[in-house]
Amino acid sequence: MFDKHREIVNSIENLTDEEREFLYSALNMHGHICGGMPMGYVAGLAALKALGTSRERNMDKFVIINVGDKHAAGCFADGVQFATGCTFGKGIMKKEAKGKWTFTLVDKVNEKAVKVKIKPELLQKAFQAPFITEYRIKGVRPTDVPAEVATPAFKRPFSLKLEDIVEIEGPFDFKVPKGKSCFNLVICESCGDAVAENYTRLVDGKKVCPDCFPY
């Protein structure tokens, strides 16, 4: 699997070495070859460029993404995460479910943001392609879609001009709420679970976790 992923990624032109390595990692993490994840990856790179910044390694940027549940957009979100470095795990990607292929990338330090959306006409073409019409809509799992169908779908976003893929608003001002991360660990005095202190409540003089709140 990994050799095949490497072969596909190496065949894509117009990527820096770093972008290529992160795309390879994204494909390995994502698990299957499709058109949605690379579409999100390209959109994420475009957002970074528009904001004049680089992939996030710490927690100085965050993404608000508008994909929802039970529709063909989860793959898109994985691509955005890997391109921008703003991940759910680091707590710097937030989902505001609207069923859309749009997101906002925010620079918390400079309080600037850009909003990115995939062009509707590109999405319409993607949904009319064989990957969807002949396989996915019929319940075929992504890993069972033939390579001769899935691979062109994966590579297509990289063959298009950026202006044919995304529309970008900004940069514009974005007020970022201030706050600090919690590094204090507490053992719930009711169930014994370890919990971040900022999630505890004081009940009858005891620090307890959310599962042990009486209301």
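Me: Is the crossing of α1 and α2 left-handed or right-handed, and what makes it so?
Reply: The crossing of α1 and α2 is right-handed. A crossing is right-handed if the near helix is turned clockwise from the far one by less than a right angle, and left-handed if anticlockwise. Helices are DSSP runs of H or I with at least four residues, strands are runs of E with at least two, and both are numbered from the N terminus.

Me: What kind of model is this?
Reply: It is a predicted model, where local features need pLDDT of at least 70, side-chain atom pairs count only at pLDDT 80 or more, and totals for chains, interfaces and linings use all residues. Residues are numbered from 1 along each chain as its sequence is written, and side-chain values use heavy atoms, leaving out hydrogens and water.

Me: At what angle do α1 and α2 pack, and what is that called?
Reply: Helix α1 (residues 2-10) and helix α2 (residues 17-30) pack at about 140°, and their axes are 10 Å apart. α1 is therefore oblique to α2. Under 35 degrees counts as roughly parallel, over 145 as roughly antiparallel, 65 to 115 as roughly perpendicular, and the rest as oblique. Angles run from 0 to 180 degrees between N-to-C directions, and axes are lines fitted to C-alpha atoms, for helices over the stretch in contact.

Me: Which residues meet there?
Reply: α1 brings Phe 2, His 5, Arg 6, Val 9 and Asn 10. α2 brings Arg 20, Glu 21, Leu 23, Tyr 24, Leu 27 and Asn 28. Contact means heavy atoms within 4.5 Å. By class, this contact has 5 nonpolar, 3 polar and 3 charged residues. Ala, Val, Leu, Ile, Met, Phe, Trp, Tyr, Cys and Pro count as nonpolar, Asp, Glu, Lys and Arg as charged, and the others, Gly among them, as polar.

Me: How do α2 and α4 pack?
Reply: Their angle is about 145°, with axes 10 Å apart. This crossing is right-handed. Phe 22, Ser 25, Ala 26, Met 29 and His 30 of α2 touch Cys 75, Asp 78 and Phe 82 of α4. These divide into 5 nonpolar, 2 polar and 1 charged.

Me: Do β3 and β4 run parallel or antiparallel?
Reply: They run antiparallel, joined by 6 bridges. Leu 105 has Val 114 as its partner in β4. The two strands form a hairpin with 4 residues between them, and Glu 111 in the turn has a positive phi of about 55°. β4 and β5 also have 6 bridges and run antiparallel. Lys 115 partners Glu 169 there.

Me: What makes the bond between Gly 170 and Pro 171 stand out?
Reply: It is a cis peptide bond, with omega about 10°. Pro 171 lies in strand β5. Most peptide bonds are trans.

Technical notes: Pairing = 2+ DSSP bridges.
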